[in-house]
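Grab a pencil and work through these exercises with the viewer open. Try each task yourself before you read its solution.

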Amino acid sequence: MTSVAIRPEKIKDTVAAVLGDKVRKIHVALEEVTVEVSAADYLAAMQQLRDAPGCQFEQLIDLCGVDYSAYADEVNEGARYCVVSHLLSVSLNQRLRVKVFCADDDFPVVASVADLWNSANWYEREAFDLFGIVFDGHNDLRRILTDYGFIGHPFRKDFPLSGHVEMRYDAEQRRVVYEPVSIEPREITPRIIREDKYGGLH
């Protein structure tokens, strides 16, 4: 039998009490609780959220990277890279979002939580591949969506739309070869016909 969902305000109070001074920010918005912890406290905080009575978040259902270099059409003044995790407690029927910002924009690193939740393994590989966030302690941190020789991280907001290199199969060499991008950037303007025979068109 599934228990009745716990109210977000109660979850917020419980999480705040369990994590104590590890909490940097915590709030409720749209019936969802979000807690932010520092990179230094991240692994310990996640273990407490999994094990502590009243929390018991047995499942990590999602983990992703975020690039805050520009946000809401403004330049972000804080840390650039963030890891966002969504936790689920089946036994208590409650959910929680956890955010942790990487301390160094040039080399973003946070601890891996793959030893706490097996599901984090591929999620962390995806965030590494697409955003370049390194998960310290991950036992197999390598690309998962792009090719092993891919240059850069395509979900970073400064990554060029055309990429850095292009690849093709070379029949003579019998292998895939990488070459500089041959696509020229261009502005695409849609063709708009305002009325019949506009501009001599039929």
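## Exercise 1: A glutamine and its surroundings

Leaving aside neighbours within four places in sequence, glutamine 94 is in contact with Ile6, Ile11, Gly54, Cys55, Phe57, Leu87, Leu88 and Ser89, where contact means heavy atoms within 4.5 Å.

Before going on, a word on the ground rules: this is a predicted model, in which local features need pLDDT of at least 70 and side-chain atom pairs count only at pLDDT 80 or more, while totals for chains, interfaces and linings use all residues. Residues are numbered from 1 along each chain as its sequence is written, and side-chain values use heavy atoms, with hydrogens and water left out.

**Task.** Is glutamine 94 buried or exposed, and which backbone atom does the side chain of glutamine 94 reach?

**Solution.** 
- Step 1: find the residue. Glutamine 94 sits in strand S7, which covers residues 94–101. (Helices are DSSP runs of H or I with at least four residues, strands are runs of E with at least two, and both are numbered from the N terminus.)
- Step 2: check the cover. The relative accessible area of glutamine 94 is 3%, so this residue is buried. (Buried means under 20% relative accessible area, exposed over 50%, and partly exposed in between, with a 1.4 Å probe and protein chains only.)
- Step 3: look for the partner. The side chain of glutamine 94 reaches the backbone oxygen of glycine 54 at 3.0 Å.

## Exercise 2: The nonpolar core

**Task.** How many residues does the largest nonpolar core have, and which of them have the most contacts inside it?

**Solution.** 
- Step 1: know the term. A nonpolar core is a set of buried Ala, Val, Leu, Ile, Met, Phe, Trp, Tyr and Cys residues joined through side-chain atoms within 4.5 Å.
- Step 2: read off the size. The largest one has 35 residues, and Tyr42, Met46 and Leu49 have the most contacts inside it.
- Step 3: see who contributes. Elements that each supply at least two residues of this core include helix H1 (8–19), helix H2 (42–51), strand S3 (59–67) and helix H3 (120–131).
- Step 4: zoom in on one residue. Beyond its neighbours within four places in sequence, leucine 49 is in contact with Val15, Leu19, Cys55, Gln56, Phe57, Leu87, Leu96 and Val98.

## Exercise 3: A serine in a loop

**Task.** Where does serine 112 lie, and with which side chain does the side chain of serine 112 make a polar contact?

**Solution.** 
- Step 1: locate it. Serine 112 is in the loop between S8 and H3.
- Step 2: check the cover. With a relative accessible area of 9%, serine 112 is buried.
- Step 3: find the polar partners. The side chain of serine 112 makes a polar contact with the side chain of glutamate 124 at 2.6 Å. A polar atom of the serine 112 side chain also lies 3.1 Å from the backbone nitrogen of alanine 114. (A polar contact is a pair of N or O atoms within 3.5 Å; within protein, one must be able to donate a hydrogen and the other to accept it, and residues adjacent in sequence count only if both atoms are side-chain atoms.)
- Step 4: look along the chain. Serine 112 and aspartate 136 are 24 residues apart along the chain, yet their C-alpha atoms are separated by 5.4 Å.

## Exercise 4: Salt bridges

**Task.** How many salt bridges does the structure hold, and which parts does the pair of glutamate 32 and arginine 97 tie together?

**Solution.** 
- Step 1: count. The structure holds 10 salt bridges, each being a side-chain nitrogen of Lys or Arg within 4 Å of a carboxyl oxygen of Asp or Glu.
- Step 2: take the pair. Glutamate 32 forms a salt bridge with arginine 97, with the closest N and O atoms 2.6 Å apart. Glutamate 32 is in strand S2 and arginine 97 is in strand S7, so the pair ties together parts that are 65 residues apart in sequence.
- Step 3: Arginine 142 pairs with aspartate 140 in a salt bridge at 2.8 Å between the closest N and O atoms. Asp67, Arg80 and Asp158 are linked in a salt-bridge network.

## Exercise 5: The whole chain

**Task.** How many helices and strands are there in the protein chain?

**Solution.** 
- Step 1: count the elements. The protein chain has three helices and 11 strands.
- Step 2: Buried residues make up 33% of its 202 residues.
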